[in-house]
Amino acid sequence: MTSLFDPITLRGVTVRNRIWTSPMCQYSVLDESGVPQTWQLVHLGSLAVGGSGIVFTEATSVNPEGRISPRDTGIWSDEQAEAWRPIVAFITEQGAVPGIQLAHAGRKASSWPAWGFEDRHGSVPVEEGGWAAVAPSAVAFGDLAVPAELDHAGIDAIVSDFRSAARRSVDVGFRIIELHAAHGYLLHEFLSPIANHRTDEYGGSLENRARLLLRIVSAVRDEVGDGVPLFVRFSGSDWTPGGWDEQQTATVAAWAQEAGADFFDISSGGIQTGVRIPLEPGYQVPFAEHVRSSAEVDVSAVGLITTPQQAADIVENGSADAVMLARELLRDPHFPLRAAHELGATIDYWPPQYLRAQWRD
């Protein structure tokens, strides 16, 4: 039996395997309400049916200004939270654990969705439904508009927004919360010296740059209590000299664990344009392995993990405690079921409606 299908228990929440659905942007809200749609139900539901251990939502904004685009989901209102409830219920009914990624896009907010607006670039104008972005410093990302630098009141409000979003999340049944501190969005912007040029207590030293994230970790842990596992997604590297790197990630992961986080989802990149990333199978796994061994924390690996044996090897050789899949699950939502067959693992979570389709030796 491959350890890829060993359950793992985090703060009393047992996950059936180590193959998890990574948060993936969908840009599929039909208006600017931030309310999840039927698309989210079918998309996330299919991944739960297919055998994923945890099914994470797309990046879900904690306030209106934190959306990447006007077509993003949110959980800053009761209406949005209630729309998530049946989606969460279906994921749970299929035996998967529902997780939500709470996010704020920072200086990358108010941009055009990745599809449906191929002829539009840069920031969405206010008169077309856009808004002013905020960031640690007034430094633009690529061709997006220059953001406003957050003052202390604005920072305090964002901590409060993450706390409130966490409360709504657990109230509608999400059992795991992930804080998005990667891919060049707000929390990563504070962490990285490339985007954070502040000279106050939120800039300069590593302790200062990590201050906002650690405040949010503490606030969310205080809000949801001891029973809810709390993940943090980091970019393990900015792929740029003088930027954020795996050692800073490991240091802050250890601090975040002390503040109440449990698990660390290690990706990379996103802080600036024009970066050359050596894309190859498992190219981010070494970052996860470094954080796991250096900080002695639990981690998942993500990035061009496409075959059952590759996924199994990552877990079995101790590089990571689990794998997050994204594009491969879009191609094959039933990858975990297929992986169990190919690796000779015995599992008991085929949906009864699909039993007739089980592979037979």
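Just after helix α11, the residue G344 takes a positive phi of about 75 degrees, a value that, like the others reported here, comes from a predicted model. Within α11, which spans residues 335-343, the residues F335, P336, L337, R338, A339 and A340 are buried. The elements that cover these buried residues include the strands β3 (19-21) and β12 (322-325), together with the helices α1 (38-49), α9 (308-316) and α10 (327-331).

The structure holds 12 aromatic pairs. In one of them, the ring centres of Y27 and W115 are 5.2 Å apart and the planes stand at 70 degrees, so the pair is edge-to-face, the cut-off for this class being over 60 degrees. Because Y27 lies in the loop between β3 and α1, while W115 lies in the loop between β5 (97-103) and β6 (134-135), the pair ties together parts that are 88 residues apart in sequence. Y27 has a relative accessibility of 14% and therefore counts as buried, whereas W115, at 42%, counts as partly exposed.

An edge-to-face aromatic pair is also formed by W350 and W359, with 5.7 Å from centre to centre and 75 degrees between the planes. Here W350 counts as buried, at 13% relative accessibility, and W359 is partly exposed, with a relative accessible area of 39%.

Technical notes
Residues are numbered from 1 along each chain as its sequence is written. This is a predicted model: local features need pLDDT of at least 70, side-chain atom pairs count only at pLDDT 80 or more; totals for chains, interfaces and linings use all residues. Side-chain values use heavy atoms; hydrogens and water are left out. Buried means under 20% relative accessible area, exposed over 50%, partly exposed in between (1.4 Å probe, protein chains only). Helices (H or I, at least four residues) and strands (E, at least two) are DSSP runs, numbered from the N terminus. Contact means heavy atoms within 4.5 Å. Rings of Phe, Tyr and Trp (its six-membered ring) pair if their centres lie within 6.5 Å; planes under 30 degrees apart count as stacked, over 60 as edge-to-face and the rest as tilted.
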